[in-house]
Amino acid sequence: MIRSRLELRRAAAAVLAGNDAGGWTRPAPRLYPHQWSWDSAFAAIGWAHLDAGRALTELEHLFAAQWRTGLVPYLVYDPAVADDAYFPDSARWASHRAAAAPAGHATGGLGQPPVHAIALLRVWETGWASEREQLRERIRRLYPAVLAWHRYLATARDPQGSGLVTVYHPWESGADNSPRWDAPLAAVPIGDVAAFTRRDTQVIADADQRPSQIDYRRYVALLDAMRERCFDESAIAAEHPFAVKDVFFSAVFAAANEALLRLHDLLGGPAPDRLAISRWLDRSTAGLERAWDPVTGLCLDADLRTGSVLASQTFAGLAPLLVEGLDANLRHRLLATLQSVRFLSAPALCPGVLPTTSPDDPAFDPRRYWRGPTWPVITWLFWSALARTGQADLAEQLRAAALELVAAGGFAEYFDPRTGEPLGSADQSWTAAVVLDWLAAEA
Ligand code: 2M8
């Protein structure tokens, strides 16, 4: 048990320092030894409280591996790490087969939720007045790369102009093993996936906290299919066996466009950029509003391959709450679902703890990866949006409950929402990062 706030802050800073690979941060010491895209954006939010310059280095390192299409790869391999330290290794991805991949970097061929502009804005807000000019200059240099990332998502990942981003792999959603993907994943042909050895189940001995073997084979089949198509965007859009309009990813994208508009104004960016970002934002907001489902009281993902709506009850369905400009009626309805017995007031759960899957959903599994446990970073996204949209009390409830879990259980990757038991890897960077931000908000 970490008793004082000062002790908690010191311990969080020590986790980031311990995972610092020199300019970027490993998500966790053993389970995730390379650089992950959205983990680094969250790490930057934490670093901002220790050293704002270091926070920007994190994102500069990530964007150095950006593809020419604009894709920010979900994973940038550290060449100093042994091939067998993580599966898939860089050879499995073979990103050099992609015409758009940058020379000199081995990466994965997928994206992850685009929290980068949100993180950049937070770093800017957190920095000391004395370092403003320096920070502004470095943000100015990153801005075109972030804009290109958003342009890629708004175009290549939404050829339909629906306002919702298509993901081609559960790993892109960030919530890999969510029940949201059960139906579209079950339809993925496994065929003759070449043999592989998982590392995650060697690091986390308790297999009931990680995805099942059959799901993992499908993840690998999807990876292999993208590599075999040499990451050709149009072939993938037309034929890839997994293609889902992801409401969480799309809501993060809309919130990130709101942040990017602020950064644009801060930098005095070109007028046509402002127009483009506003257009993407309006389109996403409208797309999210169309995804509303009155039966579940949530906004739902849609499977492009079957045309069916995916009716899981998860945090993703509440994610339009991350968007400041959301329609007031929809906000009101989603807030009602969030506070209902299906989420924050579920009798079986610790009060104020946001589960990734509702206990009301038949797939709820309180200890398994993205199928029930609570993730502090997801809570951070809701906390920060609720605090900005007039829901200070609710935001505070989320923050206090999450901090209590960390104080009692340490900087775990995720927690059992019924008991608060820490699960997954220990010393997870993004958990430490959001704790630093929460403690600063309190101060
Ligand atoms: C988890 O995902 C990776 C694959 O990307 C894995 O399971 O090996 C997810 O929680 C993802 O959201 C996260 O970015 C990553 C590193 O923390 O781990």
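Buried, in these legends, describes a residue with under 20% relative accessible area. The structure shown in every view is a predicted model.

**View 1. The shell of residues around the ligand.** In this predicted model, the ligand is surrounded by 15 residues, and the closest of these are Asp-39, Tyr-86, Gly-174, Asp-176 and Tyr-369. By residue class, the shell divides into nine nonpolar, three polar and three charged residues. The space that the ligand takes up is the largest cavity.

View 2. Trp-370 places a polar side-chain atom 3.1 Å from an oxygen atom of the ligand, and a polar side-chain atom of Gln-428 lies 3.2 Å from an oxygen atom of the ligand. For Tyr-32, the corresponding distance between a polar side-chain atom and a ligand oxygen atom is 3.4 Å. Of the 420 Å² of accessible area that the ligand has on its own, the protein covers 100%.

**View 3. Helix H2, with its buried residues.** Helix H2 runs over residues 37–47 and is mostly covered, with 11 of its 11 residues buried. Among the buried residues of H2 are Trp-38, Phe-42, Ile-45 and Trp-47, together with Ser-37, Ser-40 and Gly-46. Asp-39 is another of the buried residues of H2, and Asp-39 is also listed with the residues closest to the ligand.

**View 4. His-240 and its contact with the backbone of Tyr-168.** His-240 is found in the loop that joins helix H11 (233–239) to strand E4 (244–245). With a relative accessible area of 0%, His-240 is buried, and its side chain reaches the backbone oxygen of Tyr-168 at 2.9 Å.

**View 5. The side chains of Arg-198 and Gln-213.** Arg-198 lies in the loop between helix H8 (182–186) and helix H9 (200–203), and because its relative accessibility is 6%, Arg-198 counts as buried. The side chains of Arg-198 and Gln-213 are joined by a polar contact of 3.1 Å.

View 6. Most peptide bonds are trans. The bond from Phe-87 to Pro-88, however, is cis, with omega near 0°. Pro-88 is found in the loop between strand E2 (75–76) and helix H4 (90–93). Ser-90 lies in helix H4 and is partly exposed, with a relative accessible area of 24%. From Ser-90 to Phe-248, the separation is 158 residues in sequence and 27 Å in space, C-alpha to C-alpha.

**View 7. Two residues other than glycine with positive phi, Ala-94 and Asp-427.** Most residues other than glycine have a negative phi. In Ala-94, by contrast, phi is near 50°, a positive value, and this residue is found in the loop between H4 and helix H5 (116–126). Ala-94 is buried, since its relative accessible area is 7%. Asp-427 likewise has a positive phi, of about 55°, although it is not a glycine, and its place is in the loop between strand E10 (422–423) and helix H17 (429–442). With a relative accessible area of 36%, Asp-427 is partly exposed.

**View 8. Ile-204 with Leu-423, a pair separated in sequence by 219 residues.** Ile-204 is found in the loop between H9 and helix H10 (213–228), and it is buried, with a relative accessible area of 8%. Although 219 residues separate Ile-204 from Leu-423 in sequence, the two lie 9.1 Å apart in space, C-alpha to C-alpha.

**View 9. Ile-118 in helix H5, with Ala-183.** The place of Ile-118 is in helix H5. Ile-118 is buried because its relative accessible area, at 14%, falls under the 20% cut-off. Along the chain, Ile-118 and Ala-183 are 65 residues apart, and their C-alpha atoms are separated by 31 Å.

Technical notes
Residues numbered from 1 in each chain as written. Predicted model: local features only at pLDDT ≥ 70, side-chain atom pairs only at ≥ 80, totals over all residues. Heavy atoms only, no water. Near = heavy atom within 4 Å. Polar contact = N/O pair within 3.5 Å; in protein donor to acceptor, adjacent residues only side chain to side chain. Areas by Shrake-Rupley, 256 points an atom, 1.4 Å probe, with all protein chains shown as cover. 1 Å grid on protein atoms, 1.4 Å probe; cavity = no way out; pocket = protein on both sides within 12 Å on 5 of 7 lines; lining within 4 Å. Sits in = over half its atoms within 2 Å of the grid points. Nonpolar A, V, L, I, M, F, W, Y, C, P; charged D, E, K, R; others polar. Helix = DSSP H or I, 4+ residues; strand = E, 2+ residues; numbered from the N terminus. Buried < 20%, exposed > 50% of the residue type's maximum accessible area, 1.4 Å probe, protein only.
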